[in-house]
Amino acid sequence: MTSVAVDQTEFRSVLGHFCTGVTVVTGRDGDTLAGFACQSFAALSLDPPLVLFCPARTSRTWPVLAAAGRFAVNVLAEDQQEISAVFGARGEDKFARVGWTPAPSGAPLLDGALTWIDCALEAVHEAGDHYVVIGRVTALGAPSEARPLLFHRGRYAVTEPARDALAALMPWPRPDDWL
């Protein structure tokens with residue numbers, strides 16, 4: 001199979017049309033706290049419960065998380081754009097600007113997040129200019145009713161309820177409506 005050169009700008013533009021949730025992946029190695037804004041997060045497996053995220057190989061945060069061997073994924077709410085910006089920037093003490101409590105693993109759980117996933121590091125794979133990090137889920141936070149913070153076409157976005165076409169086709173209650 002021959003390889004075709006793909007323009008990076010075009011690649012970014014096309015993939016920017018795929019809406020992603022915004023998370024902050026955090027960890028703690030001794031007294032060192034670390035965290036970064038991450039859009040490349042996904043559920044991977046139900047049995048066992050696994051998630052994945054993809055830090056850049058140049059990340060200064062990833063080595064701290066790797067050394068800790070545990071991390072938490074904070075799913076951001078629509079009103080947390082500033083937190084995303086803080087954790088998306090380099091430098092400064094990011095945790096001085098946000099309230100947090102420790103997860104069971106000790107990783108920081110950010111105040112106001114929609115929910116959180118606490119994980120133990122399961123595997124790391126090299127993939128281009130990133131790593132694919134797989135975490136085994138060890139604890140979960142209760143979800144909030146707030147709307148999630150999303151990223152689409154280079155800017156923040158939020159969800160809006162879609163027209164429920166299924167409801168018009170089903171005159172009976174749906175399974176989640178049953179008692």
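In which sense do S5 and S10 pair, parallel or antiparallel, and over how many bridges? The pairing of S5 and S10 is antiparallel and runs over four bridges, where two strands count as paired if DSSP finds at least two bridges between them.

1. Basis of the note. This is a predicted model, in which local features need pLDDT of at least 70 and side-chain atom pairs count only at pLDDT 80 or more, while totals for chains, interfaces and linings use all residues. Residues are numbered from 1 along each chain as its sequence is written, and side-chain values use heavy atoms, with hydrogens and water left out.

2. Overall content. The chain holds four helices and twelve strands, these being DSSP runs numbered from the N terminus (helices H or I, at least four residues; strands E, at least two). Of its 179 residues, 34% count as buried, that is, under 20% relative accessible area, with exposed meaning over 50% and partly exposed in between (1.4 Å probe, protein chains only). Among contacts (heavy atoms within 4.5 Å) between residues at least 6 apart in sequence, 62% join residues at least 24 apart.

3. The seven-stranded sheet. An open, antiparallel sheet is formed by seven strands in the order S3-S2-S6-S9-S10-S5-S4. Strands S3 (32-38) and S4 (41-45) are at the edges and have a single partner strand each, so one side of each lacks a neighbour in the sheet. From one strand to the next the twist averages 35 degrees, with axes taken as lines fitted to C-alpha atoms, for helices over the stretch in contact, and angles running from 0 to 180 degrees between N-to-C directions. Helix H3 (residues 81-88) packs on this sheet, touching strand S2 (23-29) and S3, and its direction makes about 115 degrees with that of S3.

4. The three-stranded sheet. Three strands make an open antiparallel sheet in the order S1-S11-S12. Strands S1 (20-21) and S12 (155-158) are its edges, each having a single partner strand, so one side of each is without a neighbour in the sheet. S11 and S12 are joined by four bridges, and His152 stands opposite Arg155 in S12.

5. The largest pocket. About 1800 Å³ of space lies in the largest pocket; on a 1 Å grid over the protein atoms alone, a pocket is an open set of points where a 1.4 Å probe fits, with protein on both sides within 12 Å along at least five of seven lines, and lining residues have an atom within 4 Å of a point. Of its 49 lining residues, the closest to the centre are Ala37, Gln39, Cys54, Ala56 and His130. S3 gives the largest share of the lining, seven residues. The lining divides into 22 nonpolar, 17 polar and ten charged residues, where Asp, Glu, Lys and Arg count as charged, Ala, Val, Leu, Ile, Met, Phe, Trp, Tyr, Cys and Pro as nonpolar, and the others, Gly among them, as polar.

Conventions:
Points joined across faces, edges and corners; volume = space filled by probe spheres on them.
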